[in-house]
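Good morning, and thank you for making time for this.

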Amino acid sequence: MQVLRNSLLRYTMPVPEIDPEVMYTFLQHPWKGKIRQFRNIIDRMIILASDNEVI
């Protein structure tokens with residue numbers, strides 16, 4: 001997921017493990033035209049996650 005990779009590089013964070021249910025929820029949500037909202041949610045998840053925490 002390009003948005004996740006860009007956010008990780010921006011915040012120099014390690015790649016988190018993403019829970020399959022979380023990924024499924026993201027893929028089911030209609031993000032059409034709302035890339036800024038999606039990017040903000042990914043950024044918050046990365047910032048708030050502890051090291052090695054499953055998102």
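This is a predicted model: local features need pLDDT of at least 70, side-chain atom pairs count only at pLDDT 80 or more; totals for chains, interfaces and linings use all residues.

**Starting from D43**

Let me begin with D43, which is buried, because its relative accessible area is 10% and the cut-off for buried is under 20%.

Where does D43 sit? You will find D43 in helix α3, which covers residues 35-48. If we set aside the neighbours within four places in sequence, D43 is in contact with S7, R10 and Y11. With one of these, R10, there is also a polar contact between the two side chains, and its distance is 3.1 Å.

Now let us step back to the chain as a whole. The protein has 3 helices and 0 strands, and read from the N terminus the order of its elements is α-α-α. Of its 55 residues, 25% count as buried, while the accessible surface comes to about 4,400 Å², with 56% of that belonging to carbon and sulfur atoms. When we take the contacts between residues at least 6 apart in sequence, 64% of them join residues at least 24 apart.

Which residues form the largest nonpolar core? There are 9 of them, namely V3, L4, L8, F26, W31, F38, I42, M45 and I46. Helix α1, residues 2-11, and helix α3 each supply at least two residues of this core, and α3, the helix that also holds D43, gives the most, with 4 residues.

Notes: Residues are numbered from 1 along each chain as its sequence is written. Side-chain values use heavy atoms; hydrogens and water are left out. Buried means under 20% relative accessible area, exposed over 50%, partly exposed in between (1.4 Å probe, protein chains only). Contact means heavy atoms within 4.5 Å. Accessible areas come from the Shrake-Rupley method with a 1.4 Å probe; for residues, only the protein chains shown count as cover. A polar contact is a pair of N or O atoms within 3.5 Å; within protein, one must be able to donate a hydrogen and the other to accept it, and residues adjacent in sequence count only if both atoms are side-chain atoms. A nonpolar core is a set of buried Ala, Val, Leu, Ile, Met, Phe, Trp, Tyr and Cys residues joined through side-chain atoms within 4.5 Å.
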